[in-house]
Amino acid sequence: MSQVLIVGPGAVGCAVGGALIEAGHNVTFCARQSFTRVSVTEVGGRSAVFPARVITSEKEAAPVDWVLLCVKAYQVPSAADWLRASVGRQTKVAVLLNGVEHRERVAPFVPEGVVLVPVVVELPVSRTAPGEVVWHRHARLAVSGGAAGKEFCGLFSGSFVTGETTDDFITRAWQKLCLNAPGGAILALTGLPMQVFHKAGIADVARAILKECIAVGRAEGAKLDDALIERQIAAFLKARPDEGNSMYADRMAGREMEWDARNGVIVRKGMQHGIPTPVSAALVPLLAALGPSTG
Ligand SMILES: NC(=O)c1ccc[n+]([C@@H]2O[C@H](COP(=O)([O-])OP(=O)(O)OC[C@H]3O[C@@H](n4cnc5c(N)ncnc54)[C@H](OP(=O)(O)O)[C@@H]3O)[C@@H](O)[C@H]2O)c1
């Protein structure tokens, strides 16, 4: 049994926290608002409810075996106090974020030498109330092989979540970005669910974003084939017309959105490699302008 702290008990945090409780670990949720139980439901499947240990002040936290950071990418700096309180020399920190900058975003907030485990989260899940989540399709967490990655996967054995090691984490993370970069931006900017991909010209916008994402990903070392573009477009067109995604949900709720980790990163890394990314560069200020802070 491991001592695990979940920082950010939102959709992903509650789902993986529930899985870890199910697997027999001692789990504490670090939250801004308390709740008493975690309820995890699979669409068309089973529900499980677990009593939740929740703390709301970093003064109640102490170093643990594992910290799982499950906030949105732009919220990482706000979690610094939790990390300071809960990460000791032996603590391993798993970073459950979309995007490809797991280490860059978190390393400034943990002591040098602490083991970071970037995670690609393949677990579509929504929070329906504090401590209450609904997931569907699959529940996979992918990490690099190696001792820490294997240990991370082992934490989930006996639960509904599968931990998988991969020999090529960079490719896996960029493949996920190829879904998130066009999907998030297009739904957020149009304010429409997946049906939008059937409207004139929209699939071509997605193709243009994908081309940039693939070019930059390849420069970063990801193995991304050209056929990925039409595979991804076909998946968008096949999606349920009323299906959303998290950028869309955040846009509809007037919340901040994760555009920097999904679209800004293509521009940033493109510049580093001398790869032009005009489409992403045009999307970024449009997405930023939708944010709550800009009014
Ligand atoms: N949901 C999905 O289907 C999915 C799938 C794959 C990957 N991901 C990625 O996983 C990451 C997490 O996404 P999510 O959907 O779980 O987001 P989410 O539902 O918005 O959850 C984020 C949680 O972090 C909490 N939080 C933020 N700052 C905090 C702080 N300083 N201290 C304590 N708690 C804090 C939020 O608290 P409040 O409740 O107070 O706001 C919220 O509970 C993102 O990078 C996302 O892109 C999500």
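I began with the domain centres: taken over C-alpha atoms, the centres of domain 1 and domain 2 are 25 Å apart. Domain 1 covers 3-166 and domain 2 covers 169-294; the bounds come from an automatic or database domain assignment. For their contact I counted 14 residues from domain 1 and 13 residues from domain 2, where contact means C-beta atoms, placed from the backbone, within 7 Å. On the domain 1 side, strand 8 (115-122) and strand 11 (140-144) are the elements that give two or more residues. Strand 11 gives the most, with 3 residues. By class I get 8 nonpolar, 4 polar and 2 charged residues on that side. Classes: Ala, Val, Leu, Ile, Met, Phe, Trp, Tyr, Cys and Pro are nonpolar, Asp, Glu, Lys and Arg are charged, and the others, Gly among them, are polar.

A note on the source: this is a predicted model, where local features need pLDDT of at least 70, side-chain atom pairs count only at pLDDT 80 or more, and totals for chains, interfaces and linings use all residues. Residues are numbered from 1 along each chain as its sequence is written.

Next, a helix pair. Helices are DSSP runs (H or I, at least four residues), as are strands (E, at least two), numbered from the N terminus. The axes of helix 5 (residues 169-190) and helix 9 (residues 259-273) come within 9 Å and cross at roughly 105°. Axes are lines fitted to C-alpha atoms, for helices over the stretch in contact, with angles from 0 to 180 degrees between N-to-C directions. Helix 5 and helix 9 are therefore roughly perpendicular (65 to 115 degrees). Leu177, Asn180, Ala181, Gly184 and Ala185 of helix 5 meet Trp259, Arg262, Asn263 and Ile266 of helix 9. That contact has 5 nonpolar, 3 polar and 1 charged residues.

Then I looked up Ala206, which sits in helix 6 (residues 202-219). Buried or exposed? Ala206 is buried, with 24 other C-beta atoms within 10 Å (the cut-off is 20 or more). Beyond neighbours within four places in sequence, Ala206 contacts Pro182, Ile186, Phe197, Ile233 and Phe236.

Last, the ligand. Of the 29 residues around the ligand, Gly8, Gly10, Val12, Asn98 and Val121 come nearest; "around" here means a C-beta atom, placed from the backbone, within 6 Å. Helix 1 (11-22) and strand 9 (125-129) are the elements giving two or more residues to the shell. I sorted the shell into 17 nonpolar, 8 polar and 4 charged residues.

How values were computed: Two residues are in contact if their C-beta atoms, placed from the backbone, lie within 7 Å. Angles under 35 degrees count as roughly parallel, over 145 as roughly antiparallel, 65 to 115 as roughly perpendicular and the rest as oblique. A residue is buried if 20 or more other C-beta atoms lie within 10 Å of its own, exposed if 12 or fewer, and partly exposed in between; C-beta atoms are placed from the backbone.
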